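Me: I am new to reading protein models, and I would like to learn how one goes from a picture to a careful description. Could you take me through this example step by step?

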Amino acid sequence: MIGLSHYLIISAALFSLGIMAVMTRKNAVNVLMGVELILNSANLNLVAFSRYAWMNLDGQLYAVFVIVIAAAEAAVGLAIVLSMYRLLKSVNLDKADTLKG
Amino acid sequence: MNPQILKDLQAFYPEITLTATLLAVILIDLAAPRIRQATTFLFTAIGLLLALALTFPLFAAKSGTLFYGMVALDPMAVFFKGFLIITSFLILLVAPGSKEIAKEHIGEFYTLLLGVTLGMVLLASATDMLMLFLALEMVSVSSYIMVGYLSTERQSNEASLKYFLFGAVSTGSMLYGITLLFGLTGTTKLVLIREAIIHGAGDGNNGLMLLIATIFIMAGFGFKTASVPFHFWCPDVYTGAPTPVTAFLSVGPKAAGFATLIRFFFTGLSDTAGSIWGFFPAMNWALLVLMISIITMTLGNIAALRQENLKRMLAYSSIAHAGYILMGVVVLTPQGLQSVLVYLITYLFMNLGAFMVVIEVYNRTGSFELNDYRGLWRRSPFLTIAMTIFMLSLMGIPPFAGFFGKLYVFGAAVNHNLAWFAVLGALNSVIAVYYYARVIKTMIIDAEPEGAQAPPISLSWTSHILMWAMLLPTAGLMLFWDRIQEITSNSITLFFG
């Protein structure tokens, strides 16, 4: 029987993988994918809690809004990466090193 | 339509005005290419002033929530709405005078400014975690674009990339924390979260989960207020962003972050409503915020000591000021809350003023380096005196405004048996004197570089008016002290359900 804890473990794993991708990846697009993983792990949490713990629709409603936010954030993020590519001809984050100190 | 919603809409006029202005500015920008420079500015100015005018009557309104507990209508929310709209209005006046912004198409800048303002106003009044998160994202996403506004400049782009990556991870972690909190309490409304915790949602093993959820949520607040350890974006973004945007970020979104932080901790995680707030035994959030406050001010001040770039120095200084403001939060008394509001008012004028001088100097010299401020005394005595006053005020030297902000915060700490905390704050202010005084010394005493003498700087009349509009409150705020005392002490009421 699959219960709440299974979902929570998967979502915690997704969250950790997302953080790891953000920390270790050099390619800006890969980092954006890590950010999506983080947001989606939260979505999984919301839906699981809503279904197994509280039997209400609040969590699922919340998840729909989070999906919209994730789309908006990805759009802006890709636009910024695109503008970086236009300036540097690269999406390698190590090349963005003019600001230091 | 539902009569309750119709009634609530009447208390929502400022937000509606901002939304309508936002749409109107986009349309004008597209439809009237020849006159758009002036008309978009005019429309934005009128929209912001109208929203401000519609905010004032709300002070008298009865405390409560709107739209089925989504946003609060209480004096604290109304105070922050007014404060944030005034901040945006000042930035609107400053922006066209900056050579950095003028290089690009300015209509979009106004649209983004209005978008951030709307988000901040909602953030300051959100009482539902869903609304809070949406408003926070609205502020963040719009400000990523504002930071990267100079699309052909490498530094601006890099700043916006760093801001985006840091912001996305911080707000993502915050969302994860919110979901854990939802899992514990079964609700997203702050007032109900508090009830649920009072009735034992955080007891036993769940206490650990509550603590973890709070730490995750603190990531989002820390990012918005630029507190350690979520401050890493701050120096880079402040340096790379166009200066009016830097000035805006250092006051507007930061104040909105404090507004929502106060609302979250005081109405969501405190066990008593009223004169003195407490925290649940399961989770000592005050200790958490207290440690963050100490580390934030110390790190900000020490890192500012060795900065050569004035924008970067002001970035670290704004981190340090966030630490002082957090001090007012953890005192957990009405006096502490009042000191936060007083500090923010003084901070608005002195910090914006300092950035205005930076903008004026950049317009003439094209540099933010402290070295290029040598000889400013000869080139423009007015700018030098203005900058000196802002720096003295940021240090906290009486009789300037900054002194009163610090006085209130430290006083609140001492009155709540946290005298050692106030002493730490005062020691930090002593460190801060060094780097602020260094700016004054560079402007007045240091010898100009050999060779060609730079020409004197003459300011336009608009810059003069704006500079005086910052100077007068910074230098003469104590003349209106009764009024400020009255406004802030009336504004510390929060809606507790």
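**A covered helix**

Reply: The buried residues of H17(B) are B:Leu383, B:Thr384, B:Ala386, B:Met387, B:Ile389, B:Phe390, B:Met391, B:Leu392, B:Ser393, B:Leu394 and B:Met395. A residue is buried if 20 or more other C-beta atoms, placed from the backbone, lie within 10 Å of its own, exposed if 12 or fewer, and partly exposed in between. This is a predicted model, in which local features need pLDDT of at least 70 and side-chain atom pairs count only at pLDDT 80 or more, while totals for chains, interfaces and linings use all residues. Residues are numbered from 1 along each chain as its sequence is written, and chains are lettered from A and ligands numbered from 1 in the order in which they are written.

Me: Is H17(B) mostly covered or mostly open, and what covers its buried residues?

Reply: H17(B) is mostly covered, with eleven of its 15 residues buried, and the cover includes H14 (310-330), H15, H16 (376-379), H18 (401-415), H19 (419-444) and H20 (461-476) of chain B. After H17(B) comes B:Gly396, which has a positive phi near 95°.

Me: Which residues have the most contacts inside the largest nonpolar core?

Reply: A nonpolar core is a set of buried Ala, Val, Leu, Ile, Met, Phe, Trp, Tyr and Cys residues joined through C-beta atoms within 7 Å. The largest one here has 204 residues, and B:Phe80, B:Leu123 and B:Leu344 have the most contacts inside it. Helix H15 (residues 334-365) of chain B gives the most to this core, with 19 residues.

Me: How many residues does each chain bring to the contact between chain A and chain B?

Reply: Two residues are in contact if their C-beta atoms, placed from the backbone, lie within 7 Å. Chain B brings 34 residues and chain A brings 32, and H8(B) gives the most to the side of chain B that touches chain A, with 17 residues.

Me: How many helices and strands does chain B have, and what share of its residues is buried?

Reply: Chain B has 21 helices and two strands, and buried residues make up 59% of its 497 residues. Along its principal axes, the C-alpha trace of chain B spans about 75 × 60 × 45 Å.

Technical notes
Helix = DSSP H or I, 4+ residues; strand = E, 2+ residues; numbered from the N terminus.
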